[in-house]
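Here is a short briefing on a structure. Please keep the sequence and the coordinates at hand.

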Amino acid sequence: MKDIVDRVYKGRCVALRDAQGADGVLGALGAQISRDGFMRLQVIDLRASSDLLVVLNETLATDFRSLAALAVNENARDTVFLVRLPDGACTADLQTFVRAGRLRPGSETAVVVAVCEGTLEGLGGEHWDAVDAAGLVGPLDGMAFAAAHLSEADGLPIRIKAAVAVEVGAWDLCLTEILLDLPMKHALRPDLCTEQWLEADDQPAAQHLDGWGGEAARHAGWLARNDKGSLTKRVWRGQLGVLFPWIEERRREVISRHRPHLRVTEQTMPEVEMLDWGPIAIQLGNSAKGCPKAVHSARGIRNELAHGRPVTWPTISQCLDEFRTWSAGRV
């Protein structure tokens, strides 16, 4: 994604070929450009109307009779136009608009990024860079997209939700957005509620194989229909990266508070800090106060994650509540 933004800021127009999840790609590009604030941004959708001049006039609140005149007008200068095409149509008009703008070269010239989910032909020449969209969106782009989309206060559940949505949605940022909007119960285990996000008309994208984090990746819609196990593994990866470190931090806190009741074993000698959840639960269970519920919950989550199995939101929520009580010193 950074490569595309860099090209735009250098004044290069970009034609993105075979951009599956085109709306999400445009959303991520738009968010980046808006955040930087270097140029004005306009999003043009030509799926409802294929008349570029009409759509541009409506968007810019102008009334020009030709694309050439509009291209050199101040309303179009220093602007990035993100253009969503239904197919290869309108490419001739886009060429006219771009060429006319280059008649007055300089930093204020309008820049166009044209995106189409199908084959995009007819956009070329000295002002255009044709870029394959495969592998364009990566995990870092996904996390940036999720951070910009989420409005809830930061916290462990929100971070898990974002990580799962990014892993499952992968390069389809439209799907990532849908997953981010799900209630927590479904968002943390989208593999168990595919009916909440799987759409009948996403079959073309679901058959697509794209790049994700340097590897080829199937669309989550395809996995939901053909390989549920791999879909669940994506959910697990999302949970693992956020939840496992949190569980490890709680283990160290439990050892620190209950150190007088803990002892080393043959596996952990000579440090009590090496005790895992199993020995901790057993040793605290033999103490006068018994083992806190939070320890059993954390142990259960750790064991599930360690064996490649994601956990549900009620399980995580219960563990969070129990550790709040434990941290308050009431157990």
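This is a predicted model: local features need pLDDT of at least 70, side-chain atom pairs count only at pLDDT 80 or more; totals for chains, interfaces and linings use all residues.

Residues are numbered from 1 along each chain as its sequence is written, and side-chain values use heavy atoms, with hydrogens and water left out. Helices (H or I, at least four residues) and strands (E, at least two) are DSSP runs, numbered from the N terminus.

**Salt bridges**

- The structure holds 15 salt bridges, each a side-chain nitrogen of Lys or Arg within 4 Å of a carboxyl oxygen of Asp or Glu.
- One network of salt bridges links Asp 3, Arg 7, Arg 12 and Asp 129.
- In the pair Asp 3 and Arg 7, the closest N and O atoms are 3.0 Å apart.
- These two residues are four apart in helix α1, so about one helical turn separates Asp 3 from Arg 7.
- Arg 7 also meets Asp 129 in a salt bridge (3.0 Å, N to O).
- Asp 129 lies in strand β5 (residues 128-132) and Arg 7 in helix α1, so this pair ties together parts that are 122 residues apart in sequence.
- Asp 129 is buried at 14% relative accessible area, whereas Asp 3 is partly exposed at 38% (buried is under 20%, exposed over 50%, partly exposed in between; 1.4 Å probe, protein chains only).
- Arg 309 and Glu 304 form a salt bridge too (3.1 Å, N to O).

**Second largest pocket**

- A pocket is an open set of points on a 1 Å grid over the protein atoms alone, where a 1.4 Å probe fits, with protein on both sides within 12 Å along at least five of seven lines; lining residues have an atom within 4 Å of a point.
- About 220 Å³ of space lies in the second largest pocket.
- It has 14 lining residues, and the closest to its centre are Met 1, Gln 32, Arg 35, Asp 141 and Ala 144.
- Helix α2 gives the largest share of this lining, five residues.

**Helix α12**

- Helix α12 (residues 228-257) has 30 residues and reaches 42 Å from first C-alpha to last, close to the 44 Å expected at 1.5 Å a residue (1.5 Å times one less than the number of residues).

**Positive phi**

- Asp 78, not a glycine, has a positive phi of about 55°.
- Ala 170, also not a glycine, has a positive phi of about 50°.
- Ala 170 is buried, at 2% relative accessible area.

Conventions: Grid points are joined across faces, edges and corners, and a volume is the space filled by probe spheres set on the points.
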